[in-house]
Amino acid sequence: MFVLHSEVKDNMNQKKYSFHTYEELVTIVDVIKDSKDYKSASGVLMQLYNPKIDADDEAIVDYINANCSNACLIGLTCANIADEEFDIKDNPIELNITYFKKTRLIEYDFDLNIATGFVAGRMINEALQDIDDAKCMLTCYSCGSAVIHSFVSEFSHHKLPMFGAKAGRSIRALNTAKAYGKRAGDNKIVSVIFAGTDLHIFMDNCLGFKEIGVEMVVTKTEGDNIIAEIDHRPATEVYSKYLKVSPGKYFVENVCEFPMIFHRRDCVIARVPSAYGEDNSIHFTSDVVKGEKLRLSYGSADNLLDTISESVRGIKNFNPEAVFLFECGNRVRFLKEKASSETASYRILYPEVSVAVGYAEIYESASGSGGVLNSALVAVGLKEDPDAEDEFRPGVTYIDDTQIQEDERDYIPFVDRILNFLERTSIELDSMNKELGKIAYTDQLTRIYNRWELENKVNEILSECNEGGNRASIIFMDIDHFKHVNDTYGHDVGDMVLRASVDIIRDNLEAQHVFGRWGGEEFIYVLPDTGIDEAVEFAENLRKQIQDNCFVTVQHITMSFGVTQNIAGDTLETFVKRADDGLYKAKEGGRNRVVRN
């Protein structure tokens, strides 16, 4: 059964059709192309989402494009990875239409067998330079994570909000995952740019999984989507250690309920393993970054659905004229029989809502936060209203504003109680660990890195330099005649001089720089991605700031500086020794000077 609409509306509006057979599609297309909405629209967006494994999607895509030339068609094959009893292969194909009254749509279809993701991204970048009123972009893709990452990187500086999904397939039938545009394809990117000054957007990133356990660091990656090591140990050991799940036939099924959680700017991003390697690495459908911190997480159906309730509340306040949902297949697998409740919550208010279930979902806000997500639901609302304001929520959380007396509460299941206990314990342990961490890596007097942490940081920088051929420079500095300060004014004044000198230098500290106390009155400052000429100039600026400062009690002090740049094969010892030799020459040359070595 499918419903045919024929009435025309003055405002932007959305209509949903569904079909099982090609013949049903033909009838639907006839109604669409003959409608007044279609003929009068400034832009027509057609979203095609296909859960079936045996549909002739190439014929379907070709027929729609041939008969609806005024429309922009975009879509994908749906991810179908839930247990067999929740298989969606028998669900109808969705064709969702949005008729715009003021907004222009510009479609781009990139066959990645011909063009690269980089070239496709450059083309979008060039197009955006000429589209002054570009508002947002919908993207569906069937390529790998490295390709979509290079695609987005080429135009990310435009800060154009983007949403969409990655094509999926059936975990049992293993049909080909395809994206839809001008043609159906298994290696392509399809994007539609929405342009218009009256168009406004609402975007939610709904996750609902809660972080638990200790914070870890990605210490080695392979390519764009493989974590080789976490905390310098094989990546799969995280799951064997904390969940007793070892690599094997059901590895992915056993860990999918415990996504890894990362924080990128103000956006919460989950990653769910899609496979593991023989070297105990973990593979993902989306990008991972060396050096990022992560925690495992857990979810409950109630937590996820509460997050959706908050999203529905927000989108209702926005009052959109069209609503698009992009849901992760892993989320559907996790929720099982409750999965339909998520989309139903939106459908109560917006019956014509579109729903795409993919391997990954895209959330990129106007501030540049976000990226390709996993295990989330991205909710998008659009409306043509010059008085409206855009709204982006990168991490929707449920706020329970009800007050329930303790003796009025219902019985709480044991699993909920133990999970709450673990969550609260994790928060408390995390707070304690952060305090202990500060003690472990911070010099107590000056509140900068101590020698132990400095050595770790310098080793990390040198490792990256030796692996990637990068540059780095190091400055070894020392307060001149510091013993005289202590002997003349006492150690309290000496401590004050140390802290004041550090404060001056710290004012120059940039995010990627490393600064710490090597011992006594000696300090080390490391500048990654910096050549020696620039480092010498930086050190000279520090020298002048120290020289020109008026210190309490001692009035004036000076510092000497040795500077060097890394060379191939450098170790911590050789790198620091060359800078120290430069410092020695500065002292021998009269102090209060910078010497390169």
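## A first look at this predicted model

Glu237 is partly exposed here, with a relative accessible area of 29%. Keep in mind that you are looking at a predicted model.

**The five-strand sheet**

- Let's start with an open sheet of five strands, which come in the order β21-β20-β24-β11-β25 with mixed pairing.
- The edges belong to β21 (354-358) and β25 (391-396); each has a single partner strand, so one side of each has no neighbour in the sheet.
- On average, and ignoring direction, neighbouring strands of this sheet are turned by 10° against each other.
- Strand β11 (residues 199-206) pairs with β25 in the parallel sense, over four bridges.
- To find this pairing in the model, look for Met203, whose bridge partner in β25 is Phe392.

**Helices across the sheet**

- Helix α8 (residues 301-318) lies across β11, β20, β24 (377-384) and β25. It runs at about 170° to β11.
- Helix α10 (residues 339-347) lies across β11, β20, β21 and β24. Its angle to β20 is about 165°.

**A closer look at Glu327**

- Glu327 sits in strand β20 (residues 322-328).
- Is Glu327 buried or exposed? With a relative accessible area of 3%, Glu327 is buried, because anything under 20% counts that way.
- Leaving aside residues up to four places away in sequence, Glu327 touches a whole list of others, among them Val332, Ala339, Glu342, Thr343 and Ala356. The list also includes Val357, Gly358, Glu361, Ala376 and Leu377.
- For a sense of scale, the C-alpha atoms of Glu327 and Asn597 are separated by 57 Å, and the two residues are 270 apart along the chain.

**Strand β15 and its two partners**

- Strand β15 (residues 260-264) is mostly covered, with four of its five residues buried.
- Five bridges join β15 to strand β16 (residues 267-271), and the two run antiparallel. Arg264, for example, has Cys267 in β16 as its bridge partner.
- The hairpin of β15 and β16 has two residues between the strands, and there Arg265 takes a positive phi near 55°.
- β15 also pairs with strand β19 (residues 293-298), in the antiparallel sense over two bridges. In this pairing, Ile261 stands opposite Arg295.

**Strand β1**

- Why is strand β1 (residues 13-19) described as largely enclosed by the rest of the structure? Six of its seven residues are buried, so the rest of the structure largely encloses it.
- β1 pairs with strand β4 (residues 93-100) in the antiparallel sense, over seven bridges. Ser18 stands opposite Glu94 in β4.

**Charged pairs**

- Side chains of opposite charge can pair when their charged atoms come close.
- How many salt bridges does the model have? The count comes to 37.
- One of them brings the side chains of Arg172 and Asp87 together, at 2.8 Å from N to O. This pair links distant parts of the chain: Arg172 is in the loop between β7 (162-166) and β8 (179-180), while Asp87 is in the loop between β3 (71-77) and β4, 85 residues apart.
- Arg172 counts as partly exposed at 33% relative accessibility, whereas Asp87 counts as buried at 19%.
- Asp390 forms a salt bridge with Lys135, with their closest N and O atoms 2.8 Å apart.
- Asp390 is partly exposed, with a relative accessible area of 32%, while Lys135 is buried at 17%.
- Back to Glu237: its side chain meets that of Arg233 in a salt bridge of 3.0 Å, N to O. Arg233 is partly exposed, at 46% relative accessibility.
- Elsewhere, salt bridges that share partners join Asp204, Glu310, Arg313 and Arg393 into one network.

- Which residues make the nonpolar surface patch of about 260 Å²? Phe118, Val119 and Met123 do.
- Phe118 is in helix α4 (residues 117-130), and at 45% relative accessibility it counts as partly exposed.

Technical notes. Residues are numbered from 1 along each chain as its sequence is written. This is a predicted model: local features need pLDDT of at least 70, side-chain atom pairs count only at pLDDT 80 or more; totals for chains, interfaces and linings use all residues. Side-chain values use heavy atoms; hydrogens and water are left out. Patches are made of residues with over 30% relative accessible area and no salt bridge: like charges are joined within 9 Å, nonpolar side chains (Val, Leu, Ile, Met, Phe, Trp, Tyr) within 5 Å. Accessible areas come from the Shrake-Rupley method with a 1.4 Å probe; for residues, only the protein chains shown count as cover. A salt bridge is a side-chain nitrogen of Lys or Arg within 4 Å of a carboxyl oxygen of Asp or Glu. Buried means under 20% relative accessible area, exposed over 50%, partly exposed in between (1.4 Å probe, protein chains only). Contact means heavy atoms within 4.5 Å. Two strands pair if DSSP finds at least two bridges between them. Axes are lines fitted to C-alpha atoms, for helices over the stretch in contact, and angles run from 0 to 180 degrees between N-to-C directions.
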